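Please keep the model open beside you as you read.

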Amino acid sequence: MARARIHLTPAEAEANGWLCCRDLKARHRLMPGYSTRPAGSVWQGRGAYDVYDPADCVPWKWEPSAAQLRRKAVAARAQALIEGDCLLLDTETTGVGDGDEVCEITILDASGTPLLNTLIRPTQPIPAEATGIHRITNDMVATAPAWPEIAEQYASIVSGRTVVAYNASFDER
C-alpha cells in the first residue's frame, strides 16, 4: 500500500495561493490569527514549514515578546533610579565567603561623581586568589583606613538614598 504524502511542493502551495508567514507579512501585511490552522506544509530540504490561506489570516500586528517586555520594564526601572538620584555601589573583598571583608569601596552619584572611593584595610590578609581577581594587594591596603574609620562616612552618604549595585546580594552582606 502506498503511503500518502503529507507535504506539498512549493509549486502546489503557490498554485493554491497559500503562503508562509514571511510571505504573508511581506506581500499582504497579514499574519495567522490565534485560531488559524495551517492550510498545509511544504517540505524544503531538511524540514517543513507551514503555509496559510490569506483569506483565513488577520492584519499583521507586532506584539512584543515576554523578554522584550521584561527588558523594557528593567530599562524603565533603571531610568527611574537614575532620575531619582540613586547611588551606585561597588566593593572588592578578600573573598566570597560570609567571613570575608571589604578591601575597597566606591560610591558614585547618578552623574558618575565619586562620593567615596577608598581602599580599606581588612583585619585578615587578602588571599592570592582574591588579588588575582581585583589586583589589590596586602601592601596596597597596609596604610589604608580600617572599616570603622569609614563606616560613619559610608552611613552618612547612603542614608535615605537608593543604592544600586550590580551584584547587590553579594555587596549587601
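**A guided walk through the model**

Strand E2 (residues 40–44) and strand E3 (residues 47–51) pair in the antiparallel sense over five bridges. Here, helices (H or I, at least four residues) and strands (E, at least two) are DSSP runs, numbered from the N terminus, and two strands pair if DSSP finds at least two bridges between them. Gln-44 faces Gly-47 of E3. The hairpin of E2 and E3 has two residues between the strands, and Gly-45 there takes a positive phi near 70 degrees.

A word on the ground rules. Residues are numbered from 1 along each chain as its sequence is written, and side-chain values use heavy atoms, with hydrogens and water left out. This is a predicted model, in which local features need pLDDT of at least 70 and side-chain atom pairs count only at pLDDT 80 or more, while totals for chains, interfaces and linings use all residues.

Back to backbone angles. Most residues other than glycine have a negative phi. Arg-29, however, has a positive phi near 55 degrees. Look for Arg-29 in the loop between helix H2 (21–28) and strand E1 (30–31). Its relative accessibility is 48%, so Arg-29 counts as partly exposed; buried means under 20% relative accessible area, exposed over 50%, and partly exposed in between (1.4 Å probe, protein chains only). Arg-135 also is not a glycine and has a positive phi, of about 65 degrees. Arg-135 sits in the loop between helix H4 (128–134) and helix H5 (138–141), and it is exposed because its relative accessible area is 59%.

Now try Gly-17, in the loop between helix H1 (10–16) and H2. Gly-17 is partly exposed, with a relative accessible area of 30%. Which residues does Gly-17 touch, not counting those up to four places away in sequence? They are Tyr-52 and Pro-54, where contact means heavy atoms within 4.5 Å. Gly-17 and Pro-54 are 37 residues apart along the chain, and their C-alpha atoms are separated by 7.7 Å.

Thr-118, in strand E7 (residues 114–119), is buried, as its relative accessible area is 18%. Leaving aside neighbours within four places in sequence, Thr-118 is in contact with Glu-104, Ile-105, Pro-145 and Ile-150.

Next comes the second largest pocket, which holds about 230 Å³ of space. Of the 15 residues that line this pocket, Glu-92, Thr-93, Val-96, Ile-133 and Phe-170 are the closest to its centre. Strand E5 (87–93), H4 and helix H7 (168–172) are the elements that give two or more residues to the lining, and E5 gives the most, with five residues. A pocket is an open set of points on a 1 Å grid over the protein atoms alone where a 1.4 Å probe fits, with protein on both sides within 12 Å along at least five of seven lines; lining residues have an atom within 4 Å of a point. Its volume is the space filled by probe spheres set on the points, which are joined across faces, edges and corners.

Finally, step back to the whole chain, with its seven helices and eight strands. The radius of gyration is 30 Å, whereas a compact globule of 173 residues would have one near 16 Å; the value is taken over C-alpha atoms, and the globule rule is 2.2 Å times the number of residues to the power 0.38. Along the principal axes, the C-alpha atoms fill a box of roughly 85 × 40 × 20 Å. Buried residues make up 27% of the 173 residues.
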